[in-house]
Amino acid sequence: MTFLILTRQGYDDLMAQGATPEAIWINPDVLSDDEIEQLRQRGVALAVLPERVDPHAPAEREAAALRLADDGPLWIEYARPEAAGALADTSPEAPSSRLPRALQQAQESAARLARLASRRLKRFAASDGAAIVIPYIGYGTTERLLLRGRVLKDEGFVTPEPGHSGWRNLTELYKRLGSDEVPGARLRARFQGTELEIVTDDNGYFQAELILPQPVAAGWQQVELALLDPPPAASHATASAEVLVPLASAKFGIISDIDDTVLWSNVTNKIRMLKMLAISNVHTRKPFKGVAAFYRALHAGADGNEANPLFYVSSSPWHLYTPLVDFLRSQNLPLGPLMLKELGVKSLFGAGRHQEHKLANIERIFGTYPHLPFVLIGDSGQEDPEIYRELVLRHPQRIKAIYIRNVNPDPERIEAIDRLAGEVRASGAQLVLVPDSEYAATHAAGEGLIAAGAAAEVRADKRGDESATAATTATPGA
């Protein structure tokens, strides 16, 4: 991990634990020439920023972070509020130009995490380098299986529990976001006598395509993975990758976004999104009301037995893969392959290649199942309507319906989506802007995508979710 250090206090906090970071970008006025030379002699890849970044100017910090995005995961120092003079006033009467309370809290959390990060670096330096294989859910056909995953240093990830505190959630989130990859690791993938050796890339990721000599049965398949080098921890020497081969009964596939589509992530407000991720886990976060029942209805199809496959394509980072799968399981959402995005500053604070990422992964799914039409589900917060419109233009006969959850009340955005809906309609497909899952289910039932009675089940599920929410938020004795 690379550290962006902007103040002397931030540098002192980082070094207080006796750690030696691998890489640091630093403001020109923080260290003396002698200190810089000493760090470089200790093996630190230290670079001085070409111009000073104001630690209390968010725009300058973000611009510097974007320039360093290609260096991989980046830790950014946020200056302590008390060091900002007038900016530290966060009372309700403070002018709007002063530091908002939410940002002050984020800065305080960042300072704590910087100290945690330095302790992690010290611990890793003394660790035995044991590795762990994390396989991702794959997909394929009866003739070939596609899978991917990652090899990381074993950091003792803890399965989240409903009673975990916000600080425990924050610690586990940081462990995942800051996990150390193992490049050049060798693995063996084995399935029913077919074997393939795989090597991880510079970021610890691996992917493989197993061409099968004999067709395999449809349904869920298990590919065994064995870590050959470096030596794994004894309990992590092997792993099993789940691979979905859709059944012949499937009438269509479903491709869904996750953030602000399945569950509220506030992805259009990055600070709030990170705060929400930090204080919650898979048990305390809930899907949008009625979503689970709607997705189960789409999976079941019109006759209730179609087993239509689901694919989740999101710009969430791969670091959150395990929590997201745990979320799908805990909320009884249909399980399916997840196609996520490699973490970088641009993934969190800029548009990056969001559209390119989604289009490439969806095109790969389309190519794997050339005879299967699809239902596409997304939200209005980012580029899902535009991405799905592009897919309709490329594959006018492959899209049965597009459901866009309306999470952006801006009239201009709604008008823009209405125009996109008109373009989609001209191809024979439909793009529907929906307020909730009940509305989407009613439309899907009318189109014969789900059973007629399934819309009522979605309505009941939605009301059950609302009742549960009201019960947990009600004031005692009210």
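How many bridges join strand S7 (residues 186-191) to S8? In this predicted model, six bridges join the two strands, and S7 and S8 run antiparallel. The loop between S7 and S8 contains Gln-192. Gln-192 is not a glycine, yet its phi is positive, at about 45°. Most residues other than glycine have a negative phi.

S7 and S8 belong to an open sheet of seven strands. The strand order is S8-S7-S10-S11-S5-S6-S9, and the pairing is mixed. Strand S8 (194-199) lies at one edge and strand S9 (205-211) at the other, and each pairs on one side only. With direction ignored, neighbouring strands of this sheet are turned by 25° against each other on average. Helix H8 (residues 321-330) lies across two strands, S5 (131-140) and S11 (238-245). The helix runs at about 55° to S5.

A cis peptide bond is found between Asp-229 and Pro-230. Its omega is about 5°. Pro-230 lies in the loop that links strand S10 (219-229) with S11. Most peptide bonds are trans.

A further open sheet is formed by six strands. Their order is S14-S13-S12-S15-S16-S17, with parallel pairing. The edges are strand S14 (338-341) and strand S17 (431-434), each of which pairs on one side only. Neighbouring strands here are turned by 15° against each other on average, again with direction ignored. S15 and S16 run parallel and are joined by six bridges. Within this pair, Phe-374 has Ile-399 of S16 as its bridge partner. Helix H13 packs on the sheet and touches S16 and S17. The direction of H13 makes about 150° with that of S17.

Helix packing was examined for H11 and H12. Two packed helices are described by the angle between their axes and the distance between the axes. The axes of helix H11 (residues 384-394) and helix H12 (residues 411-425) come within 10 Å and cross at roughly 10°. H11 is therefore roughly parallel to H12, as angles under 35 degrees are classed that way. On the H11 side, the contact is made by Pro-385, Glu-386, Arg-389 and Val-392. H12 contributes Arg-413, Ile-417, Leu-420, Glu-423 and Val-424. By class, the contact has five nonpolar and four charged residues, and no polar ones.

Rolling a probe the size of a water molecule over the atoms shows where empty space is left. The structure holds two cavities of 30 Å³ or more. The second largest cavity has a volume of about 80 Å³. This cavity is lined by 13 residues. The closest to its centre are Phe-294, Ile-377, Arg-405, Val-434 and Ser-437. Four elements each supply at least two residues of the lining: helix H7 (291-300), strand S15 (374-379), strand S16 (399-405) and helix H13 (437-446). S15 and S16 are strands of the six-stranded parallel sheet, and H13 packs on that sheet. The lining of the second largest cavity divides into eight nonpolar, three polar and two charged residues.

Notes. Residues are numbered from 1 along each chain as its sequence is written. This is a predicted model: local features need pLDDT of at least 70, side-chain atom pairs count only at pLDDT 80 or more; totals for chains, interfaces and linings use all residues. Side-chain values use heavy atoms; hydrogens and water are left out. On a 1 Å grid over the protein atoms alone, a cavity is a set of points where a 1.4 Å probe fits but cannot get out, and a pocket is an open set with protein on both sides within 12 Å along at least five of seven lines; lining residues have an atom within 4 Å of a point. Grid points are joined across faces, edges and corners, and a volume is the space filled by probe spheres set on the points. Ala, Val, Leu, Ile, Met, Phe, Trp, Tyr, Cys and Pro count as nonpolar, Asp, Glu, Lys and Arg as charged, and the others, Gly among them, as polar. Two strands pair if DSSP finds at least two bridges between them. Axes are lines fitted to C-alpha atoms, for helices over the stretch in contact, and angles run from 0 to 180 degrees between N-to-C directions. Contact means heavy atoms within 4.5 Å. Angles under 35 degrees count as roughly parallel, over 145 as roughly antiparallel, 65 to 115 as roughly perpendicular and the rest as oblique.
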